[in-house]
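Subject: Structure handover

Hi,

Here is the structure for you to look over. My notes follow below it.

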Amino acid sequence: MKISVNNQPFEVSGRKPLIEELRAAGIEVPSLCYAGGHVHHASCMVCMVKDVRTGQMLPSCSTMPREGMEIDTDSAEVKELRRMSLELLLSDHRADCEAPCTLVCPKGIDAAQVIWYYDNGMKAQAKALLQGRDCSDCAKTPCMKACRRGTVDRSVDISGIINSLAADDYIPAADAGSMADTGKETFNSRIGRFTDKEKEQMKLQYAQTSRCLHCACNGRDKCRLRRFSTEAGIKATRYGVSSELPFKQETHITGHLWFDPAKCIRCGLCVYNTADGFTFRYRGYRMQVIIPDESRNNVTEEIAGLCPTGALYISKDK
């Protein structure tokens with residue numbers, strides 16, 4: 001079967017969805033709700049292409065090629081539609097990809113990971129991550145000004161903890177101030193504002209030694225939503241964060257598998273590919289992915305590999 005893609009002729013089998021035929025021809029098409037060989041339903045609209053002859057935009061994950069098709073995958077019009085689709089998904093995705101404290105550190109210290117090691121009694125690993133660096137000559141402490149805990153009550157004493165790991169004589173510091181704006185070339189999602197109810201819950205839930213919210217996403221390194229948003233040049237979504245799902249209300253599913261609903265984009269891959277496992281609740285804008293307590297044993301850790309965000313992730317540290 002012969003088709004045209006971006007004004008170039010291609011021979012395709014005609015037996016696979018258009019997205020597979022395009023990828024086989026070396027033309028990369030992003031997608032979040034599609035996983036080859038698994039049940040899916042077109043929902044994310046990130047894989048859209050244009051049928052030049054009809055002017056119609058098509059989800060390539062659920063469109064079969066037809067003889068003589070003329071497909072556009074890289075025009076400004078197609079890219080803008082994909083970008084808009086990503087921004088709509090991001091508006092319903094409540095997460096910090098990277099912790100603000102790590103993003104603003106002038107020395108490149110992964111402050112969030114250092115604090116995580118500290119809270120879990122892994123001082124040797126924390127000190128190794130510092131590689132001899134500390135905060136002794138950092139008078140402005142941007143990490144503490146950016147700390148999300150500062151929007152709840154007072155910031156985590158990040159610089160004090162880091163310095164203590166070098167000297168082993170930690171003394172808590174005074175309040176550090178409020179959150180500052182952060183950013184990097186790689187796209188970083190934002191949690192948005194905390195409700196008063198969330199703030200009260202956090203004071204109880206995060207009362208460990210550092211009081212850190214550990215806001216960095218556990219699935220950030222494999223998150224396709226983040227990767228495609230970066231490739232699309234998105235720095236901040238035009239629609240803000242509209243999700244009302246609570247921050248980091250994570251559920252243990254089975255084994256090392258965890259679920260964070262606030263990061264779910266409702267692609268349905270976990271629903272369609274588990275038997276009596278995940279399911280949808282409500283319809284339309286209020287739709288949520290949930291898993292009944294009695295269904296958790298019907299799910300395996302492998303389902304995390306289908307999740308396009310950090311909503312389903314494996315953690316061996318919990």
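Start at the loop between β1 and β2, where asparagine 7 sits. The model is predicted, so please read what follows as computed from a prediction. Asparagine 7 is not a glycine, yet its phi is positive, at about 70°. Its relative accessible area is 71%, so asparagine 7 is exposed.

Asparagine 6 is found in that loop too, between β1 (2-5) and β2 (8-11). Is asparagine 6 buried, exposed or partly exposed? Its relative accessibility is 22%, and it therefore counts as partly exposed, the buried class being under 20%. Leaving out residues up to four places away in sequence, asparagine 6 touches Ile71, Asp72, Thr73 and Asp74. Aspartate 72 is 66 residues from asparagine 6 along the chain, but their C-alpha atoms are separated by 5.0 Å.

**Overall picture**

The protein has 318 residues, and 47% of them are buried. It has ten helices and ten strands. Along the principal axes, the C-alpha atoms fill a box of roughly 75 × 45 × 35 Å. Take the contacts between residues at least 6 apart in sequence: 66% of these join residues at least 24 apart.

**Confidence**

Mean pLDDT is 88. Residues at 70 or more make up 94% of the protein. One stretch needs care. Over residues 170-184, pLDDT stays under 50. The model has 34 contacts for that stretch beyond four places in sequence. Where pLDDT is low, the predicted coordinates should not be read in detail.

**The largest pocket**

The volume of the largest pocket is about 700 Å³. Its lining has 32 residues. Which of them lie nearest the centre? They are Trp116, His214, Ala216, Asn218 and Lys248. Two elements give two or more residues to the lining: α3 (100-104) and α4 (111-119). The most comes from α4, with six residues. By class, the lining holds 16 nonpolar, seven polar and nine charged residues.

**Aromatic pairs**

How many aromatic pairs does a search of the whole structure find? Four. Here are two that I looked at.

Phenylalanine 259 and phenylalanine 278 form another pair. Their ring centres are 5.5 Å apart, with the planes at 75°, so this pair is edge-to-face as well. Phenylalanine 259 lies in strand β7 (residues 257-259). Phenylalanine 278 lies in the loop between α10 (269-272) and β8 (279-281). The pair therefore ties together parts that are 19 residues apart in sequence. Both phenylalanines are buried.

**The loop between α10 and β8**

Aspartate 276 has its place in the loop between α10 and β8. Its phi is near 55°, a positive value in a residue other than glycine. Aspartate 276 counts as exposed because its relative accessibility is 59%. In contrast, phenylalanine 278 is buried.

**Helix α9**

Which residues of helix α9 (residues 224-231) are buried? Arg224, Leu225, Arg226, Phe228 and Ser229. The cover over these buried residues includes α2 (76-90) and α10. Glycine 233 follows α9 and has a positive phi, near 75°.

**One more loop**

Aspartate 293 lies in the loop between β9 (288-290) and β10 (312-314). Its relative accessible area is 59%, so aspartate 293 is exposed. From C-alpha to C-alpha, aspartate 293 and cysteine 267 are 21 Å apart in space. In sequence, they are 26 residues apart.

Best regards

Definitions and conventions: Residues numbered from 1 in each chain as written. Predicted model: local features only at pLDDT ≥ 70, side-chain atom pairs only at ≥ 80, totals over all residues. Heavy atoms only, no water. 1 Å grid on protein atoms, 1.4 Å probe; cavity = no way out; pocket = protein on both sides within 12 Å on 5 of 7 lines; lining within 4 Å. Points joined across faces, edges and corners; volume = space filled by probe spheres on them. Helix = DSSP H or I, 4+ residues; strand = E, 2+ residues; numbered from the N terminus. Nonpolar A, V, L, I, M, F, W, Y, C, P; charged D, E, K, R; others polar. pLDDT = per-residue confidence, 0-100. Contact = heavy atoms within 4.5 Å. Phe/Tyr/Trp six-rings, centres within 6.5 Å; stacked < 30°, edge-to-face > 60°. Buried < 20%, exposed > 50% of the residue type's maximum accessible area, 1.4 Å probe, protein only.
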